[in-house]
Amino acid sequence: MSTLEQSRHLATEIPGPLSTELIARKSAAVARGVANTMPVYAARAFGGIVEDVDGNRLIDLGSGIAVTTIGNSSPRVVEAVRDQVGKFTHTCFMVTPYEGYVAVAEALNRLTPGTGEKRSALFNSGSEAVENAIKIARTYTGRQAVVSFDHAYHGRTNLTMALTAKSMPYKHGFGPFAPEIYRAPMSYPFRDAEFGKEMATDGELAAKRAINVIDKQVGAENLAAVIIEPIQGEGGFIVPADGFLQAVLDWCRANDVVFIVDEVQSGFARSGAMFACEHEGIVPDLIVSAKGIADGMPLSAVTGRAEIMDAPHVSGLGGTYGGNPVACAAALATIETIEAEGLVQRAAEIETLMKDKLGRMQAEDERIGDVRGRGAMIAVELVEPGTTEPDAELTKKLCASAHRAGVIVLSCGTFGNVLRFLPPLTISDELLLEGIDVIAGILADIR
Ligand SMILES: *Cc1c(COP(=O)(O)O)cnc(C)c1O
C-alpha cells in the first residue's frame with residue numbers, strides 16, 4: 001500500500017528537470033489539442049498529495065477533476081482491482097456477463113434518490129453516459145428535442161458538445177453539432193443580481209424565465225428531455241437559487257418530459273450528499289454518474305425509473321467496454337469506502353472549513369466576488385474590485401503561481417474567472433488549509 005508523506009515539499013523548481021524532459025517528449029509525441037494544467041508529471045499520489053517525477057510533493061486540490069474523491073489508490077480499491085485483474089480483465093458484459101456489473105447496478109439503484117423501481121446501465125465516460133441518457137429519453141417519449149442550460153458542460157463527444165454551452169475550447173471548430181438541442185437560461189445567483197435581487201434569490205422566478213424559453217421556442221410536445229447539472233461544474237460551480245430545480249422538474253412532470261440530472265461532477269459524496277440533487281429534495285427521472293464513481297477507473301452510469309430505463313429495445317444499449325469488470329470492482333470498493341468511512345459527512349465538514357476560510361478572505365478582498373458551492377466542491381469567483389466584471393487574467397496568474405508553489409488548483413467558469421477546489425475527501429484539514437493559505441498569500445502579493 002502507498003505510504004506517501006502527507007506534506008508539501010519542493011525538491012526542485014517547478015517544473016523540475018525530469019518533468020521538463022517529459023514535457024519536451026510530450027510536445028513531440030502527443031497531439032497539442034490534449035493540454036495539461038500542471039507543468040509536472042505525476043509519479044505517485046495518495047491522501048492529499050501528488051508526488052511528481054522530480055520528488056516534489058504537491059497539495060492536491062483537484063482530485064484529477066473530481067475523480068479521486070475517496071483519495072488516490074484508496075486501499076479497498078487497490079485490493080479489489082488487484083483481485084479482479086487476477087481473475088479476468090474482460091469478457092464483455094454483452095457476451096459473457098459477470099456479477100460485478102449487476103452489483104454496481106444494484107448499488108446505484110439503492111444509492112440514488114427515489115424509492116420506486118429503478119434500473120441502471122453502465123458505460124465508460126461521462127460523455128458516453130450522457131449520450132445514452134438522451135437515447136433512453138428519446139425512445140421513452142418518442143420525441144427528439146433536448147434542452148440544456150447556459151454554462152452547461154456535458155462532454156466532448158458530438159451530442160454532448162451540442163449540449164455544452166461554452167465554445168472555446170470545447171466546441172470551437174468542431175461543428176456541425178447534433179440537431180434538436182436547445183438552450184435555456186440558468187439560475188446563476190451571483191450574475192442574476194444584475195436582473196434584480198429577486199431573480200438572484202427566487203429560484204421559481206428564474207425557472208419561469210427558463211420555462212418561457214422552453215415552452216415558446218421548443219414546445220413541450222416536441223421535448224424528450226431537460227438535462228441539468230444540479231451544481232454546474234465546468235461552468236463555474238454555479239448553485240442555482242433555491243426552488244429552481246424543483247420548479248423545472250415540476251414543469252417536466254406536468255408535460256411528460258424526462259428530467260435528467262448530470263451528476264458526473266457533483267455526485268458520489270462530492271457535494272456533502274451522495275448526490276447533489278438530494279440537497280434540493282428532488283427525485284429526477286434519470287441520473288448520470290461518472291467521475292467519482294470508481295476512484296479513477298473508467299466507469300459511468302445512467303440510473304433511473306424502470307419504465308424509462310427499459311424503454312429502449314433489447315440490444316439497443318451497450319458497448320464493448322461498458323461496465324468493465326475491473327472498473328466495477330473499483331466502484332464497489334469505492335462505495336464501500338464512502339459508506340464505511342463516513343465520507344459524505346467528511347465532504348460536509350470540508351465545506352464548513354473552506355467556506356469559513358474563504359469567507360474571511362472575501363470580507364477583506366473586493367476581488368473575491370462570490371464564494372459558493374457545496375461539500376468539497378467550492379469555488380471563488382474573481383472580479384474587478386467591487387463589480388461583477390470577470391477577472392480571468394487574475395485567475396490565470398493565481399493558478400500558475402499556485403502550481404509553482406506546489407498546489408494543484410483548477411480554474412473554470414464561462415468567463416474563466418472561477419477558482420475551483422475539489423480536494424480528495426481524505427486530505428487532512430492541515431493540508432487543505434495550507435493549500436488555501438498558499439493561494440491567499442499569492443493573491444495578497446498580486447495586489
Ligand atoms: C466531466 C463531465 C462530463 C464528461 O465526462 P467525461 O468522462 O469527461 O466524458 C459530463 N458532465 C459533467 C457535469 C462533467 O463534469
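1. Helix H13 (residues 343–363) lies across S11, S12 and strand S15 (418–421). Its direction is about 175° to that of S11. Contact here means heavy atoms within 4.5 Å. Axes are lines fitted to C-alpha atoms, for helices over the stretch in contact, and angles run from 0 to 180 degrees between N-to-C directions. Helices (H or I, at least four residues) and strands (E, at least two) are DSSP runs, numbered from the N terminus.

2. A word on the basis. This is a predicted model, in which local features need pLDDT of at least 70, side-chain atom pairs count only at pLDDT 80 or more, and totals for chains, interfaces and linings use all residues. Residues are numbered from 1 along each chain as its sequence is written, and side-chain values use heavy atoms, with hydrogens and water left out.

3. The sheet under discussion in point 1 is open and has four strands, in the order S11-S12-S15-S14. Pairing is antiparallel; two strands pair if DSSP finds at least two bridges between them. Strand S11 (368–374) and strand S14 (410–412) are at the edges with a single partner strand each, so one side of each has no neighbour in the sheet. From one strand to the next the twist averages 30°.

4. Within that sheet, S11 pairs with strand S12 (residues 377–382) over six bridges, in the antiparallel sense. Gly-373 has Ile-378 in S12 as its bridge partner.

5. A second open sheet also deserves a look. Four strands form it in the order S1-S2-S3-S13, with mixed pairing. Strand S1 (42–46) and strand S13 (407–408) are its edge strands, and each pairs on one side only. Strand S2 (residues 49–52) and strand S3 (residues 57–60) run antiparallel and are joined by three bridges. Glu-51 has Arg-57 in S3 as its bridge partner.

6. Now the ligand. The residues around it are Ser-125, Gly-126, Ser-127, Tyr-153, His-154, Gly-155, Glu-229, Asp-262, Val-264, Gln-265 and Lys-291. A residue is near a molecule if one of its heavy atoms lies within 4 Å of it. The shell divides into two nonpolar, six polar and three charged residues. In this scheme Ala, Val, Leu, Ile, Met, Phe, Trp, Tyr, Cys and Pro count as nonpolar, Asp, Glu, Lys and Arg as charged, and the others, Gly among them, as polar.

7. A polar side-chain atom of Ser-127 is 2.5 Å from a ligand oxygen atom. A side-chain N or O atom of Lys-291 lies 2.6 Å from an oxygen atom of the ligand. A polar backbone atom of Tyr-153 is 3.4 Å from a nitrogen atom of the ligand. Taken alone, the ligand exposes 380 Å², and the protein buries 83% of that. Accessible areas come from the Shrake-Rupley method with a 1.4 Å probe.

8. One joins Ile-14 and Pro-15, with omega about 0°; Pro-15 sits in the segment before helix H1 (17–29). Another runs from Gly-175 to Pro-176, with omega near 5°. Pro-176 is in the loop between helix H6 (158–163) and strand S6 (181–184).

9. Cys-92 has a positive phi of about 80°, although it is not a glycine. Cys-92 is in the loop between helix H3 (75–87) and helix H4 (99–111).

Notes: Polar contact = N/O pair within 3.5 Å; in protein donor to acceptor, adjacent residues only side chain to side chain.
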